[in-house]
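Here are some exercises to work through with the model open beside you. Try each task before you read the solution that follows.

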Amino acid sequence: MPGIVVFRRRWSVGSDDLVLPAVFLFLLHTTWFVILSVVLFGLVYNPNETCSLNLVDHGRGYLGILLSCMIAELAIIWLSMRGSILYTEPRDSMQYVLYVRLAILVIEFVYAIVGIVWLTQYYTSCNDITAKSVTLGMVVCNWVVILSVCITVLCVFDPTGRTFHRLCHSRLDPMPCSASPHIPALPFIPRHRLEEGQASSWTRRLKVFLCCTRTKDSQSDAYSEIAYLFAEFFRDLDIVPSDIIAGLVLLRQRQRAKRSAVLDEANNDILAFLSGMPVTRNTKYLDLKNAQEMQRYREVCYYMLFALAAYGWPIYLMRKPTCGLCRLARSCSCCCLCPSRPRYAPGVTIEEDNCCGCNAIAIRRHFLDENMTSVDIVYTSCHDAVYETPFYVAVDHDKKKVVISIRGTLSPKDALTDLTGDAERLPVEGHHGTWLGHKGMVLSAEYIKKKLEQEMVLSQAFGRDLGRGTKHYGLIVVGHSLGAGTAAILSFLLRPQYPSLKCFAYSPPGGLLSEDAMEYSKEFVTAVVLGKDLVPRQVEKIGLSQLEGFRRQLLDVLQRSTKPKWRIIVGATKCIPKSELPEEPEENSVTSNRLWTHPSDLTIALSASTPLYPPGRIIHVVHNHPAEQCCCCEQEDPTYFAIWGDNKAFNEVIISPAMLHEHLPYVVMEGLNKVLENYNKGKTALLSAAKVMVSPTEVDLTPELIFQSQPLPSCPSVQIGTGAIPADRRNSSTK
């Protein structure tokens with residue numbers, strides 16, 4: 001950061017991003033230089049062979065090219081490692097070194113063509129096998145380097161780079177940029193030209209990303225909204241992708257340092273942090289000793305199986321890569337190979353599955369593998385489009401329930417639905433309040449409701465077996481991720497007709513419902529969040545107001561950093577040492593104008609928008625982080641707990657390697673089951689004191705380390721004991 005300017009155009013790569021590419025090319029050229037030197041000067045060639053003499057002349061010239069490449073790449077490495085992310089002055093001469101390296105690349109291209117000509121003339125007739133092999137190796141090495149450079153240039157090309165550069169040096173509308181201040185001012189370029197160009201650029205990228213999908217009017221609208229979202233996020237911002245990675249690394253370290261500082265304070269009620277969430281004496285744990293609470297939690301675990309099955313064959317094979325493939329292969333029969341073989345049970349409606357019916361069969365196999373033979377699939381829709389999410393309807397005779405399960409994000413079209421995060425009024429009959437919801441998921445819920453009514457799916461499900469009383473079964477709506485948000489909103493739409501409806505939303509998006517709708521949803525929605533999952537942490541609120549805050553945090557930590565970018569990113573692979581975190585400046589420090597200009601009116605308006613929250617009562621599955629052992633020792637398993645979460649507490653993205661992993665549906669299933677496993681092992685004792693382990697923000701809740709200083713209150717939701725913890729005891733546990 002900022003993007004490097006070459007040929008009077010800004011590129012999506014910084015001058016400090018060239019360390020690894022230059023190291024790779026330097027090693028490649030050094031290896032080939034050594035091999036070619038040994039071949040040319042260590043072997044004796046037949047002077048009567050014309051091809052051998054041409055090889056020696058060609059090889060000596062290529063040695064000079066390799067030596068020039070190595071010198072230029074060493075210069076690039078040395079320059080790229082200087083300065084810091086924002087302090088670019090030590091790297092100002094990088095563009096001139098790149099010009100020299102580009103000239104050498106042109107010479108390499110000429111030599112590559114000469115090598116091809118030599119191969120066409122002498123490869124068949126030449127008797128010198130060594131000469132042929134060496135020439136072939138030089139040609140291949142040349143073309144590998146040339147093609148890799150061309151691909152890299154295409155990847156870092158910025159369509160608005162020339163407009164951005166001209167706007168940087170405009171006489172009337174200056175903005176922060178990376179070019180040298182000695183460049184003369186250019187004619188005035190209106191700022192809206194850059195903003196329009198950036199939006200158009202993002203629209204083209206989305207269309208290329210979804211090049212194989214049929215474009216509808218709704219999809220075109222989604223393109224425009226999401227392109228505007230990304231263009232506005234990067235407005236007036238000279239930033240490259242690697243800066244975002246480095247910023248996330250620094251943000252993670254800052255968050256860990258702040259949590260550690262909180263634990264070091266003597267006068268606060270926070271005992272420890274579990275999965276980044278503060279644990280106090282008022283934290284409410286699920287009382288699994290209570291029969292009603294245990295029954296509720298087992299119900300949550302049970303219906304997660306239905307949400308998991310909605311993903312069809314991709315997740316089924318991911319969970320069971322070997323035996324699952326064999327089981328699906330035995331049941332699947334492609335229509336082109338075995339058209340007469342029945343693939344579905346009678347009375348099952350399948351819509352737009354693939355020719356082998358893999359999704360419907362995987363859903364059925366999922367329940368058979370779990371020994372849930374009493375579950376009948378009534379309807380499966382595999383239709384996937386923007387605002388139109390796949391789902392299936394099943395009848396569970398054991399639980400006497402009809403279950404609607406909605407699939408989460410599994411395709412680029414689902415991602416478009418996720419990112420369309422504007423506010424939309426919930427179309428609930430008889431309600432005239434201000435209930436708002438995530439636009440993409442409101443439209444998806446309306447689509448599913450319309451589909452259920454048109455196909456009379458629920459009527460078929462409740463009339464599946466009147467002899468077994470299906471008419472009086474209850475209705476359950478479940479989903480994970482995108483499916484969780486859609487399921488919660490669909491529950492609003494169906495509840496007037498089915499008052500006893502229940503909804504289980506696993507890993508729902510944080511920006512789903514307005515505050516009044518969120519409070520109402522607690523009557524019938526139970527949500528589950530695992531650990532540091534990214535999605536429920538308010539990253540999908542209304543438009544840009546929350547992205548604006550995240551953007552400023554990211555830029556702030558980049559501004560304060562004095563370390564080179566390569567050290568920050570490489571340091572993330574070894575649990576960044578505390579010294580990598582830039583020190584906090586004083587409050588009255590002046591903000592650098594190299595990052596952003598003054599806030600626009602749009603920024604001020606967005607910050608006043610209505611926030612959205614995750615739905616229902618939230619069960620937050622948290623865990624501690626045991627001390628890391630050496631590679632030869634067996635790592636201790638973390639201890640999992642279930643606590644009642646506050647919907648408004650998920651207001652900060654916790655940067656962690658687990659923030660994406662803990663969103664996966666089968667990982668959520670494992671986390672739910674581990675809470676029961678730990679309870680059965682006797683590890684669910686109440687927390688009244690905690691020992692902070694190697695990670696300064698996590699806690700080990702083994703029974704041996706827990707003591708109680710006061711009798712525990714008897715209530716349905718178990719609370720942490722009220723015993724006081726000496727400050728010296730807590731501080732002594734901090735690394």
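## Exercise 1: A serine and its surroundings

S444 lies in helix α14, which covers residues 439-455. Keep in mind that this is a predicted model.

**Task.** Work out whether S444 is buried or exposed, and find which residues it touches beyond those up to four places away in sequence.

**Solution.** 
- Step 1. Begin with the accessibility: the relative accessible area of S444 is 0%. Buried means under 20%, so S444 is buried.
- Step 2. Next, list the partners. Setting aside residues up to four places away in sequence, S444 touches Y387, E388, T389, T417 and T486.
- Step 3. Y387 sits in the loop between β7 (375-381) and β8 (391-396).

## Exercise 2: Positive phi

**Task.** For Y387 and M456, find what phi is, and say where M456 is placed.

**Solution.** 
- Step 1. Y387 is a residue other than glycine, and its phi is positive, near 65°.
- Step 2. M456 is not a glycine either, yet it has a positive phi of about 55°.
- Step 3. M456 is found in the loop between α14 and α15 (457-462).

## Exercise 3: Two helix pairs

Two packed helices are described by the angle between their axes and the distance between the axes.

**Task.** Describe how α9 and α12 cross, then do likewise for α2 and α3.

**Solution.** 
- Step 1. The axes of α9 (residues 291-309) and α12 (residues 358-369) come within 9 Å, with a crossing angle of roughly 155°. Angles over 145 degrees count as roughly antiparallel, so α9 is roughly antiparallel to α12.
- Step 2. For handedness, the crossing of α9 and α12 is right-handed.
- Step 3. Now look at who makes the contact: α9 supplies L305, F306, L308 and A309, while α12 supplies I363, H366 and F367. By class, these residues are 6 nonpolar, 1 polar and no charged.
- Step 4. Turn to the other pair. The axes of α2 (residues 50-80) and α3 (residues 94-122) come within 10 Å and cross at roughly 160°, which makes α2 roughly antiparallel to α3.
- Step 5. The crossing of α2 and α3 is left-handed, and the contact divides into 18 nonpolar, 7 polar and 3 charged residues.

## Exercise 4: Nonpolar cores

**Task.** In the largest nonpolar core, find which residues touch the most other members and which helix gives the largest share. Then trace the contacts of L475.

**Solution.** 
- Step 1. The largest nonpolar core has 48 residues, and V393, V402, I404, L426, L452 and L475 touch the most other members.
- Step 2. Helix α16 (residues 482-494) contributes the largest share of this core, with 9 residues.
- Step 3. Leaving out neighbours within four places in sequence, L475 is in contact with V402, I404, L458, F462, L494, Y498, S500, L501 and K502.
- Step 4. Another core, of 44 residues, lies apart from the largest one; its members include I363, I377, F504 and A642.

## Exercise 5: The whole chain

**Task.** State how many helices and strands the protein chain has, and what percentage of its residues count as buried.

**Solution.** 
- Step 1. The protein chain has 23 helices and 19 strands.
- Step 2. Of its 735 residues, 53% count as buried.
- Step 3. Finally, take the contacts between residues at least 6 apart in sequence: 72% of them join residues at least 24 apart.

How values were computed
Residues numbered from 1 in each chain as written. Predicted model: local features only at pLDDT ≥ 70, side-chain atom pairs only at ≥ 80, totals over all residues. Heavy atoms only, no water. Axes fitted to C-alpha atoms, helices over the stretch in contact; angles between N-to-C directions. Helix = DSSP H or I, 4+ residues; strand = E, 2+ residues; numbered from the N terminus. Parallel < 35°, antiparallel > 145°, perpendicular 65-115°, else oblique. Left-handed = near helix turned anticlockwise from the far one by under 90°. Contact = heavy atoms within 4.5 Å. Nonpolar A, V, L, I, M, F, W, Y, C, P; charged D, E, K, R; others polar. Core = buried A, V, L, I, M, F, W, Y, C linked by side-chain atoms within 4.5 Å. Buried < 20%, exposed > 50% of the residue type's maximum accessible area, 1.4 Å probe, protein only.
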